[in-house]
Each structure stands twice: as C-alpha cells, then as structure tokens.
Amino acid sequence: GSVVAVALPRSIDLVVALLAVVRSGAAYLPLDPGYPAERLDFMIEDAQPAAVIDGDLAAFEAEPTAAPGPAPADAAYVIYTSGSTGRPKGVVVPHSAIVPRLEWMRDHTPLAVGTRVLQKTPSSFDVSVSEFFGPLVSGATLVLADPDAHRDTARLVEVIRAQQITWVHFVPSMLDAFLTDP
C-alpha cells in the first residue's frame, strides 16, 4: 500500500526497481531524472513516498517473501499530470486498470515469444507501462533504448535496426515526427 518513488534513468536497474516495487505490493512513482528539481520536489512532497530509489539497488535490502501479489484494486503506480492547467496532480492507477490492457495486448497484437519490444518512453508517461510490462507478461524480449533516445528519431531508427525491433509504440505526435524526420 505504500508509494515508492523511482528516480532512475532508463536502464535494467529501472526495470528491476519497477518490478520489485510492484511485486512488493507498493505503487511506484516514476520520477524522471530529466525533470526540473522543483517539479521533482513537488511530487515527492505531494506523494510522500515511503522510499526513493535513486541509485544503486544493492543499497536496498529486502527479505524475500511468499506473500501473494497485489490485488486488482491495489495501486500499481502514481503518475503526475503535466500541470498544464495549474499544479500537477497525482493520479493513482490500480492494477485493475493495467492488467486487462496487458492481457489484451498479449492476445490481440503480435506481442509474443520472438517479438522484440522497444522501451523508449520515459517512465513518467502512462504509455511506458505497456512498453515495460507488455513484453514481460507475453514472453517477448524487452529492449531498452538509451536514456535520452526518445528525443532523437535518428537514434531510434538506429536502435530499431540494430536491435531488430518488431514492436514499437508511438503516440500520434511522436509517430508524425518519426515519419517526417529525414
């Protein structure tokens, strides 16, 4: 039931931290290291996380348990709005809002063993949930783009080709930029 803030760049440590937080029954609060310090401070003050993971995961000790996983109504993550209409607002997203989406993806898209999924969306955006967890619930391969690769379409093209990506998710504005960038 706690909230744990995760302030890590896109990396295997980020994936491990998100999985560990969710498996523990806590909700993760993604803190994009690229955000201004004032925004991060506001989010931490507002959400009051029980812990902030912002470095070496070895510093966190945990006893493994055989406790059941989270219930559908339990919070999975807390995401903050952009604040374009004033102050950013934290929105709690329960597992019941995520699991059906991931199951749908597994059952209705080519997301399966052999699929190579590019994770390129910052963890502070909802779309990242399907990029992080979709491959993990379907047996697909999760491929992590470099931390800032989402800002550079040429780098994304290089990653897609080099890593033989077969599944990528774009919001319409990013897809337009991707398709029109020379």
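Contact here means heavy atoms within 4.5 Å, and helices (H or I, at least four residues) and strands (E, at least two) are DSSP runs numbered from the N terminus. The model is a predicted one, in which local features need pLDDT of at least 70 and side-chain atom pairs count only at pLDDT 80 or more, while totals for chains, interfaces and linings use all residues. Residues are numbered from 1 along each chain as its sequence is written, and side-chain values use heavy atoms, with hydrogens and water left out.

On to the helix pair. Helix α5 (residues 153–162) and helix α6 (residues 172–180) have axes that come within 9 Å and cross at roughly 85 degrees; axes are lines fitted to C-alpha atoms, for helices over the stretch in contact, with angles running from 0 to 180 degrees between N-to-C directions. That puts α5 roughly perpendicular to α6, the label for angles of 65 to 115 degrees. From α5, Thr153, Leu156, Val157 and Ile160 meet Met174, Ala177 and Phe178 of α6. Six of the residues in this contact are nonpolar, one is polar and none is charged (Ala, Val, Leu, Ile, Met, Phe, Trp, Tyr, Cys and Pro count as nonpolar, Asp, Glu, Lys and Arg as charged, and the others, Gly among them, as polar).

Next, the interior. A nonpolar core is a set of buried Ala, Val, Leu, Ile, Met, Phe, Trp, Tyr and Cys residues joined through side-chain atoms within 4.5 Å, where buried means under 20% relative accessible area, exposed over 50% and partly exposed in between (1.4 Å probe, protein chains only). The largest such core has 26 residues, and Val6, Tyr28, Tyr77 and Phe133 touch the most other members. Among the elements supplying at least two residues each are β1 (3–6), β4 (75–80) and α4 (127–138), but α1 gives the most, with six.

The rings of Tyr28 and Tyr77 are stacked, with centres 5.4 Å apart and planes at 20 degrees. Tyr28 sits in strand β2 (residues 27–30) and Tyr77 in strand β4, so this pair ties together parts 49 residues apart in sequence. Tyr28 and Phe133 form a tilted pair, at 6.4 Å and 40 degrees.

Methods. Angles under 35 degrees count as roughly parallel, over 145 as roughly antiparallel, 65 to 115 as roughly perpendicular and the rest as oblique. Rings of Phe, Tyr and Trp (its six-membered ring) pair if their centres lie within 6.5 Å; planes under 30 degrees apart count as stacked, over 60 as edge-to-face and the rest as tilted.
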